Amino acid sequence: MLFRSLRLADAGTAFAIAAAASVAGGVLSLRVVDRRDEASSGGGWLASVRGATGEGVRALLGDSNVRVLSITEAARGVLVGALELLLVATAVDLIGTGEGGAGFLHAVLGLGGVVGAALSVSLIGRKRLVPAIAAGNLALGAPLAAAAGVPTALTVPAFVFFAGSGNALLSVAAQALLQRSIPDRLRARGFGVLEGISTLALAVGAVVGSVLLAAVGVRGALAAAGASTPIIMLLTYERLALTDRLAAPPDPVRIALLRRISMFAPLPPLELEAVASAFRPLEIAAGEVLMTQGEVGDRFYVLVAGRLSIRKEETEVATCEPGGYVGEIALLRDVPRTATVLALEPSFLLALERDPFLEAVTGHPRSRAAAERVADARSGNVPGSNAAEG
């Protein structure tokens with residue numbers, strides 16, 4: 001929208017239009033409230049929003065370890081906001097590539113972010129995240145300081161690329177640690193408040209960048225921005241390391257199992273880790289019924305060990321082997337259970353409640369499409385469609 005506005009008006013007007021649209025969207029989104037929250041608040045949608053926001057703030061600031069981690073994420077946002085201005089000043093005033101060069105540097109920063117995000121996939125399920133947070137801080141700050149020391153049209157894009165990669169790595173690692181540290185019931189609200197804080201941090205960063213440019217010039221501003229990340233890391237490392245030790249990482253075996261299921265495989269890394277943590281273990285004996293045809297569905301199950309029989313009208317239509325899953329149709333289609341499932345031998349499963357299952361699967365287009373394909377196949381009684389996926 002911003003770029004369309006720039007074609008019709010000057011930059012100030014374009015930013016004003018974009019800001020007004022953002023505010024309008026925020027006001028309208030306040031009306032989107034979970035009816036369960038509204039009912040529990042007893043005061044309508046406004047009281048519900050106020051209560052949910054208050055819980056999100058408490059999730060981020062109530063625990064001292066989480067509070068420090070939240071502050072470091074906000075500090076990263078301030079730096080990124082300042083960097084938006086610093087890249088323009090670097091291109092125009094420091095290396096002389098003009099406004100076109102500024103656009104190129106922003107593109108390089110984004111490309112570095114894509115690479116960093118791809119590398120951060122390896123963080124999911126990792127036991128310790130502080131080393132990645134430290135590496136991300138160093139990779140974000142050091143290139144900016146280097147750009148201040150060796151500012152040429154060849155070196156600066158390379159430095160900016162590495163800074164973009166470090167920013168993405170730092171963001172994913174910090175948010176993964178936050179996700180592990182916030183209680184399940186408060187996680188969504190905590191991250192919602194964090195998103196608002198991050199947006200505010202970007203605006204603050206733009207102001208800070210302007211002040212730095214006016215006070216110490218382009219080189220000084222780049223050097224200050226580059227020095228800020230290691231300083232913040234040194235000040236917070238001990239507390240972050242404690243938070244990392246206290247946080248329970250998800251089981252990597254569980255994550256690997258979910259990655260082999262088509263409806264979970266497309267999920268972004270943080271979402272995959274969150275849904276993996278939401279599963280609960282369940283053991284059933286041979287002959288025990290897991291679900292009955294016609295009853296209300298409330299869980300999705302993944303079979304880890306054992307063997308299940310899937311039956312319709314007392315006739316076995318398929319079996320479920322380790323790595324397979326059952327229970328998605330009733331949740332996706334909001335219908336009664338379409339089959340009876342019982343254990344043919346002692347079995348160990350992972351169970352996921354209805355709400356986190358739907359939030360994970362329907363919140364991502366590729367996951368939703370994969371889930372619908374599975375549900376269509378199984379609803380049509382395709383032979384073998386209840387078997388485990390490869």
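Trainee: Does Glu-273 count as buried or exposed, and at what relative accessibility?

Mentor: Start with the rule. Buried means under 20% relative accessible area, exposed means over 50%, and partly exposed lies in between (1.4 Å probe, protein chains only). Glu-273 has 1% relative accessibility, so Glu-273 counts as buried.

Trainee: What should I know about the model before I go on?

Mentor: It is a predicted model: local features need pLDDT of at least 70, side-chain atom pairs count only at pLDDT 80 or more, and totals for chains, interfaces and linings use all residues. Residues are numbered from 1 along each chain as its sequence is written, and side-chain values use heavy atoms, with hydrogens and water left out.

Trainee: How many helices and strands does the chain have?

Mentor: Both are DSSP runs, numbered from the N terminus: helices are H or I with at least four residues, strands are E with at least two. This chain has 14 helices and six strands. Of its 390 residues, 43% count as buried.

Trainee: Where is Glu-273 found, and which residues is Glu-273 in contact with?

Mentor: Contact means heavy atoms within 4.5 Å. Glu-273 is found in helix 11 (residues 269-278). Leave aside its neighbours within four places in sequence. Glu-273 is then in contact with Leu-123, Ile-124, Gly-125, Ala-176, Gln-179, Arg-180 and Pro-250.

Trainee: Which residue forms a salt bridge with Glu-273?

Mentor: A salt bridge is a side-chain nitrogen of Lys or Arg within 4 Å of a carboxyl oxygen of Asp or Glu. The structure holds nine salt bridges. In one of them Arg-180 is the partner of Glu-273, and the closest N and O atoms are 2.7 Å apart. This pair links distant parts of the chain: Arg-180 is in helix 8, Glu-273 in helix 11, and they are 93 residues apart. Arg-180 also counts as buried, at 12% relative accessibility.

Trainee: Which residue does Glu-372 meet in a salt bridge?

Mentor: Glu-372 meets Arg-333, at 3.1 Å from N to O. Glu-372 sits in helix 14 (residues 365-379) and Arg-333 in helix 12 (residues 328-333), 39 residues apart. Glu-372 counts as partly exposed at 23% relative accessibility. Arg-333 counts as partly exposed too, at 31%.

Trainee: How do I read a pair of aromatic rings?

Mentor: Such a pair is described by the distance of the centres and the angle of the planes. Rings of Phe, Tyr and Trp (its six-membered ring) pair if their centres lie within 6.5 Å; planes under 30 degrees apart count as stacked, over 60 as edge-to-face and the rest as tilted. The count here comes to seven aromatic pairs. Among them, Phe-161 and Phe-162 are edge-to-face, at 5.7 Å centre to centre and 80 degrees between the planes.

Trainee: Why is the pair of Phe-264 and Phe-357 edge-to-face?

Mentor: Their planes stand at 80 degrees, with the centres 6.3 Å apart, so the pair is edge-to-face. Phe-264 lies in the loop between helix 10 (252-259) and helix 11, and Phe-357 in helix 13 (residues 354-362), so the pair ties together parts that are 93 residues apart in sequence. Phe-264 is buried, with a relative accessible area of 0%. Phe-357 is buried as well, also with 0%.

Trainee: Which residues do ring pairs link into a cluster?

Mentor: The cluster joins Phe-264, Phe-279, Phe-300, Tyr-325 and Phe-357.
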